[in-house]
Amino acid sequence: MITKEDLEHIGWLSRLELSDEDKEKYSPKLNSILDYFGELNEVDTEGVEPTYHVLPLYNVFREDEVGGTTTSLTQDEALSNAPRKQDGFFKAPRMM
Amino acid sequence: MWASINELRERIHAGSSEEVVCEYLDRIGSSKLNAFVTVAAESAIARAKEIDSGGHDGVLAGIPVAIKDNISTKGIRTTCSSNILTGYVPPYDAHVIERLKAAGAVIIGKTNMDEFAMGTSTETSYYGATKNPWDTDRVPGGSSGGSAAAVAGGEAPLSLGSDTGGSVRCPASFCGVAGLKPTYGVISRYGLISYANSLEQIGPFATSVRDLAAIFDVVSGHDLRDSTSVDRKTNYSSALENDVKGLNIGVPAEYFGEGTDEAVEKSVWNAIHTLEDLGATWTEVKMPHTKYALSAYYIIAMSEASSNLARFDGMRYGIRTEDSNWHTTFSQVRAAGFGEEVKRRILLGTYALSAGYHDKYYLKALKVRTLIKQDFERAFNDVDVLIAPTMPYPAFKLGEKIDDPLSLYLADVDTVPINLAGVPSISIPCGFSDGLPIGMQVIGKHFDEAAILRTAYTFEENTDYHTKRPEGL
Amino acid sequence: MYENPDGVMIGLEVHVQLNKLKTKIFCGCSTDYHNDPPNSHVCPVCLGLPGSMPVINKKAVEAAIKVGLAFNCTVEERTQFYRKNYFYPDLPKAFQITQYDFPISSNGYVIIEGEDGEHKVRINRAHMEEDPGRLVHEGTIDKSKYTLIDYNRSGMALLEIVSEPDMRSPKEARRYLDKLRNIIEYLDVSDADLEGAMRVDANISIMGGQRAEIKNISSFKGAERAMLFEIVRQKNVLRRGGVVVQETRHFDEAREITLSMRSKEEAHDYRYFPEPDLVPLKISGWAPAIKETLPELPDARRMRFVEQYGITDDHAKSLTGELVWANYYEDVLKSYENEYGEKLDPKFAAAWINDTLKGEMNYRGTSLTFKVGSVTHYAVNKEYTVAIIRFLNLKTITKNNAIYLFRKLLDEPKGGDYYRPVRNSPDSAENYLMLTLEKEGLLKVEGDIVETAAEEAITENPQSVADYRAGKEKALNALVGAVMKKTRGRADARTAREILLEKLG
Ligand SMILES: [Zn+2]
């Protein structure tokens, strides 16, 4: 059960501003979905290993070569999509 | 329209790529389907002219291809149908785009999709829903609805989508075209904007299995930039044989369960019997954990998504709201940029990974994933391919399910287990119900795309469902 | 036995940037960005562009194993990367790819010189991760109206070396940090002189209380200051009857104080989970081969110096405490033998190199090496040091001359290719040194000049002569002083003394 406090906490963790209206709107649907997910409790997973990667792949490396797998962008290209920029930097809001 | 690759090659040979590309552009321009988010008319025509003058001998030389809007295209806006990526123009091409360009293909535009591929109906797009070419009051399926509708509606001969939990196969089924979700790792994901990395694959659409195999040959193969990409190149087109003699088909009863439309069940069984008549045998197989696939899938996908979508903060690309302190700005950018379904999945995914709930949801789902994978391994001990409905029902009405997310999730019941197991699956048309296409999926072992392509090809060669076209467009 | 009266427990997390790799940890961008404009060493991967994917640099894994082995860690059978999810403007993907369960190496130790002799500091783990970008504020972080971001640093390979809370004073912590830097330097995986090459987070508790984690310490000196401040702060809290709370504190370098971060910002929940885009590594088989390639580490070299050269442990410790000095010392020994066909007394060389040259450089705060581009040069080419020691051995120059010459070499640096001496030519080191002394009129004077000066001194100072003859030994010093004065210091004091004694009979 996701309480209002839970919703505020996960909203903060995921940096999604939620209005009171949003919270009212989201809560019931989130909870009905979570209720549904609860069916997994029926499954006996004692001694079962989790599957993080579906293929048994190991040891995939790249060599330490400049431009080997990816090529660097120019500064202009890097900044080409920046909503705000200044002197070659991305411009972010103030910290405090 | 609805020309095959071979027909288009002849037309390009006799005329020009430019003519072909312009015809498709006209068709897109006058379309009511809303299949495209961005039409790359200028660059497509320029590229076509280049091909016309250059004597390019690639297998797709001069042939237009539509690309789902979550695949990065250098110089062409790529938005994932989300407001948050408004104006984003990638400075690089996805691996599949490099491959297509090398084969001479012309990128004609970017197709509509559920926002960040989160949906089953292409209704969550910031750019409005795409319509089903067979009935424009109905959804095309999702999340690659634009790519499927474009091919079904004759607006592109070929397209690429992505399939995280059925997002290629579902719209292929609803739109009556062929769509393939390859084995995890067969097509590089480099440049595919992630929704749930451990589950998804890029996959092609076409009006026939032959064309599907042709574009699959082009875009598959090893890529050093994707650590999960596998190094085992196969020529899939050469696997297309009109022959299923000796093929052992498994039929999982769990996929014909409660909620499956009668017409769907009948069409899929008819298809199985058709293949039987052609020399295949079938047997029922048990996949007892299928029931839990949906919950496991959604928990894993949402968890990964909550992390994948965290980078959209308005600093390096995308929209930006008024600056305040950084915490507030980030929260406001994301609140303004994401739609409701995306927020819902981010919130649930964050919850499923958070302290106190990680083991209960995320870890549990991954253990259930293991059991589902084992269901497939056991089944494939005895059979060569599995055949099941792609979707439990044909295309539903626009707006019918959009306010009830859970009912929309339930539509994915037959497609998500395949992604959890990482196996390949192709959806092809196998019937109609009240003028709406029905799709069946042929599921294979890891890396055995050859078997499912051959099965699908044989079915096509002996039936005519794939030749039917929507009318009144 | 060290009492540890305040029950201080310090654990350190040191981030070592593997800046000697050619490329970043997950992409092909060059690591050589330090003198380049912002955002000019970035690609879709390290900029976190949508759709980009990481691929691990093999050399970064090898470097991590090297470091693990050097700290006596177990290299794990299987290792894996995780995502650490949190938002910050310097973190382009809003998660950091790091390690969590299954770090590449763990359970090691390092021996440091503790408050009461040798002290073992246990290493919990050493793991790989990616560096975030760099934030630039206008003025201070709390006053700046906006924040500028440079992602050149983003994606640099880092090794986080986490110790157990085994240090009992800021002094021990500083010794640990110096030792760590020393080992890293020997392993040749990081250039500690580059900006941001080593950063420290310190966990401190006293009297068994809760610990405070101090972040953002960018120098070892800063780390020591931060810890000293923090211990005083915690003692004051206890004295006032308060309780030290577990929290993250920010070190303000300028004011040398630690500040509490606001609690909401501290409410982290990193939601670690395995990075789906990187596959696990099975690398335990690599360890034996990499162990073979490990260079001689500081402790071993120190012991060898004592055994092989017979120098004091203090000299050995000081010389091996910095890789360049240990190398310089052995280079000089070797060059001397090559040049003059006889062995140089290692003790004599150690005294001159360590006490005079190194002492003088420490006093001046200068470094034995400097860089031109990526090439490192000695600030004093070893030929000069070899020649000075040769002159001393031949008694061609006095000790004072030698000290004068070393200083001169530091005043007008004679290092690098430009000042590389040419043997048996006007540009030889010997020639340069002789010319320098000559120019200053400091060349050691010949015996007969000293004899003349001694005779004059005796005639001009009858009182001192009388005193000496009356048994006042000290009176001789006045005569030696007179000789030195007459020769303007060029005479060797001992020679002058001998000649005076001879003349006084
Ligand atoms: Zn890069």
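How much space lies in the largest cavity? I got about 160 Å³ for the largest cavity. This is a predicted model, and I read it as such.

**Cavities.** I counted seven cavities of 30 Å³ or more. I then checked the lining of the largest cavity and found 23 residues. Arg311(B), Ser52(C), Pro54(C), Lys93(C) and Phe95(C) lie nearest its centre.

**Cores.** Next I looked up the largest nonpolar core, which has 300 residues. Those with the most contacts inside this core are Leu100(B), Phe116(B) and Phe376(B), together with Leu12(C), Phe71(C) and Tyr176(C). Domain 1 (13-199) and domain 2 (298-439) of chain C each give at least three residues to this core.

I followed up Tyr176(C). Leaving aside neighbours within four places in sequence, I found Tyr176(C) in contact with residues including Leu12(C), Val14(C), Val110(C), Ile112(C) and Met167(C). Ser163(C) is also in contact with Tyr176(C).

**Asn19(C).** I located Asn19(C) in the loop between strand E1 (9-17) and strand E2 (56-57) of chain C. Is Asn19(C) buried or exposed? Asn19(C) counts as buried because its relative accessibility is 8%, and the cut-off for buried is under 20%. I looked for a polar partner next. A polar atom of the Asn19(C) side chain lies 2.6 Å from the backbone nitrogen of Asp191(C). Beyond its neighbours within four places in sequence, Asn19(C) is in contact with Thr31(C), Met156(C), Val189(C), Ser190(C), Asp191(C), Leu194(C) and Ala197(C).

Conventions: Residues numbered from 1 in each chain as written. Chains lettered and ligands numbered in written order. Predicted model: local features only at pLDDT ≥ 70, side-chain atom pairs only at ≥ 80, totals over all residues. Heavy atoms only, no water. Helix = DSSP H or I, 4+ residues; strand = E, 2+ residues; numbered from the N terminus. Buried < 20%, exposed > 50% of the residue type's maximum accessible area, 1.4 Å probe, protein only. Polar contact = N/O pair within 3.5 Å; in protein donor to acceptor, adjacent residues only side chain to side chain. Contact = heavy atoms within 4.5 Å. Core = buried A, V, L, I, M, F, W, Y, C linked by side-chain atoms within 4.5 Å. Domains from an automatic or database assignment. 1 Å grid on protein atoms, 1.4 Å probe; cavity = no way out; pocket = protein on both sides within 12 Å on 5 of 7 lines; lining within 4 Å. Points joined across faces, edges and corners; volume = space filled by probe spheres on them.
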